[in-house]
Amino acid sequence: MRRRDFVQVSLAVAAHAALQVPATHAAAPSRRIPYGSAVRGDALVDDYDYRTVLAEHCQLVVPEGGLKWVVVRPSEDRFDFYEGDKLLAFADQNGMKMRGHTLIWHGAMPDWTSSIRGAEAAEKAMTKHIHTVVGQYKGRIPSWDVINEAIAEDPRGSDYLRPNLWLENMGKGYIETALRLAAEADPQAQLVINEYDIECVGEYYENRRNALLRVVHDLRDRGAPIHAVGFQGHLKGQYEIDKEGVSSFVAELKAMDVDVLVTELDVIDNLLPADEKERDQVIAGRVTDLLEAISDANPPTAILTWGITDRYTWVPTWFTRDDGRLNRPLPLDRDYKTKPMMDAIKRFAARA
Ligand code: G3I
């Protein structure tokens, strides 16, 4: 390890004080759409170049894992804000804002939560978690993914919500309860329902958009605090974006005064051509199609990718390529070089 990096790491671990990078970051002009990335806490400490590109390109950051229950709640009584505080310190030092991900999700739950039983116990656990975590960052995290992936994989009839601890114990009202708890803890925060597989052509995607609309309409009818829908945007590169479907979906949200943002954009490329140039062009094209389709009717309040460099991405965990070539789902390659995907996002953000 170079001495400079060693010093940075040591200090960062001690006090989150040395996550600064050269002053390359200019504050975003106010009229552009802010761009941001999910961040891995370990790489943030270990990798100077990673910190540098984040500071250079991003106006927003979100922890890829650092605010999930499995990290924040090692036990029922303990809250661990080390990862959240570390990223917030980096954001503050580099003039960025941070988003919160995520309060209510079926994934990344610590084992001890499986013993939560009954409506009362579930609501008590949810209240303690949301009040403490959102309260901890009140006024400092302006946007939260309160609900993540609530729609059933294949929504049908009355079974349109995904089974999870909260649905099983509290019934469908758990979504409204969680949103109200978050609003109590930070009345100024943007409260988001975040969902995947709502972007492409086909009945599967259309059903999922319709189920999500049903949830939002219901919340609006009941006066619940829902401010935005997040398109995760884990696009499967082989599928076309449903431009019409997406536009009418976001128009319907706009009619309810619900904003949209893109929260976890990347392009899963295991079934795309081997040639890197060709692959990168398809990827940039899908991204442009999605951003255009959203903006035609309800321009996004933010665009975040789920990582900034192909060096750190969840995609190969599930979608390795049969030809052994490496995945290229993100805006910068493994050596931090800009790819057409970044150009597409920047062009788009600037013209807003
Ligand atoms: O930190 C441990 C490490 O100590 C251990 O040695 C290693 C061995 O497997 O695991 C490490 O934890 C992993 C963690 O990522 C940190 O890298 C977990 O196993 C792994 O399950 C976890 O995966 C994350 C996943 O959510 C589950 O939390 C992915 O990085 C993250 O990209 C992914 O993000 C989700 C969004 O939250 C919601 N939308 C979909 C998206 C992609 O799946």
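This is a dialogue on how to read some features of a predicted model.

Visitor: What should I know about the model before reading it?
Guide: The model is predicted, so local features need pLDDT of at least 70 and side-chain atom pairs count only at pLDDT 80 or more, while totals for chains, interfaces and linings use all residues. Residues are numbered from 1 along each chain as its sequence is written, and side-chain values use heavy atoms, with hydrogens and water left out.

Visitor: Which residues are around the ligand?
Guide: A residue is near a molecule if one of its heavy atoms lies within 4 Å of it. Here the residues around the ligand are E64, K68, H101, W105, A108, N148, E149, Q232, H234, E264, W306 and W314.

Visitor: How many residues of the shell around the ligand are nonpolar, polar and charged?
Guide: Ala, Val, Leu, Ile, Met, Phe, Trp, Tyr, Cys and Pro count as nonpolar, Asp, Glu, Lys and Arg as charged, and the others, Gly among them, as polar. The shell has four nonpolar, four polar and four charged residues.

Visitor: Where does a side chain lie 2.7 Å from an oxygen atom of the ligand?
Guide: The term to know is polar contact: a pair of N or O atoms within 3.5 Å; within protein, one must be able to donate a hydrogen and the other to accept it, and residues adjacent in sequence count only if both atoms are side-chain atoms. An N or O atom in the side chain of K68 is 2.7 Å from a ligand oxygen, and for H101 the distance from a side-chain N or O atom to an oxygen of the ligand is 2.7 Å. For W306, a polar side-chain atom lies 3.0 Å from a ligand oxygen. The ligand taken alone exposes 790 Å², and the protein buries 42% of that; such areas come from the Shrake-Rupley method with a 1.4 Å probe, and for residues only the protein chains shown count as cover.

Visitor: What is the volume of the largest pocket?
Guide: Rolling a probe the size of a water molecule over the atoms shows where empty space is left. On a 1 Å grid over the protein atoms alone, a pocket is an open set of points where a 1.4 Å probe fits, with protein on both sides within 12 Å along at least five of seven lines; lining residues have an atom within 4 Å of a point. Grid points are joined across faces, edges and corners, and a volume is the space filled by probe spheres set on the points. For the largest pocket, the volume is about 620 Å³.

Visitor: Which residues lie nearest the centre of the largest pocket?
Guide: Of its 25 lining residues, W105, E149, H234, W314 and W318 lie nearest the centre. By class, the lining has eight nonpolar, eight polar and nine charged residues. Helices (H or I, at least four residues) and strands (E, at least two) are DSSP runs, numbered from the N terminus. At least two lining residues come from each of α2 (41-46), β9 (234-236), β10 (259-268) and α12 (315-318).

Visitor: Is N327 buried or exposed?
Guide: Buried means under 20% relative accessible area, exposed over 50%, and partly exposed in between, with a 1.4 Å probe and protein chains only. N327 is in the loop between α12 and α13 (340-351), and N327 counts as buried because its relative accessibility is 6%. The N327 side chain makes a polar contact of 2.8 Å with the side chain of D269 and reaches the backbone oxygen of F319 at 2.9 Å. By contrast, L326, in the loop between α12 and α13, is exposed, with a relative accessible area of 52%.

Visitor: Which peptide bond is cis, with omega near -5°?
Guide: Most residues other than glycine have a negative phi, and most peptide bonds are trans. The bond from H101 to T102 is cis, and T102 is in strand β3 (residues 97-104).

Visitor: What is the phi of A108?
Guide: A108, which is not a glycine, has a positive phi of about 55°. A108 is in the loop between β3 and α6 (119-136) and is partly exposed, at 30% relative accessibility. Y336 is not a glycine and has a positive phi of about 70°. Y336 is in the loop between α12 and α13 and is buried, at 13%.
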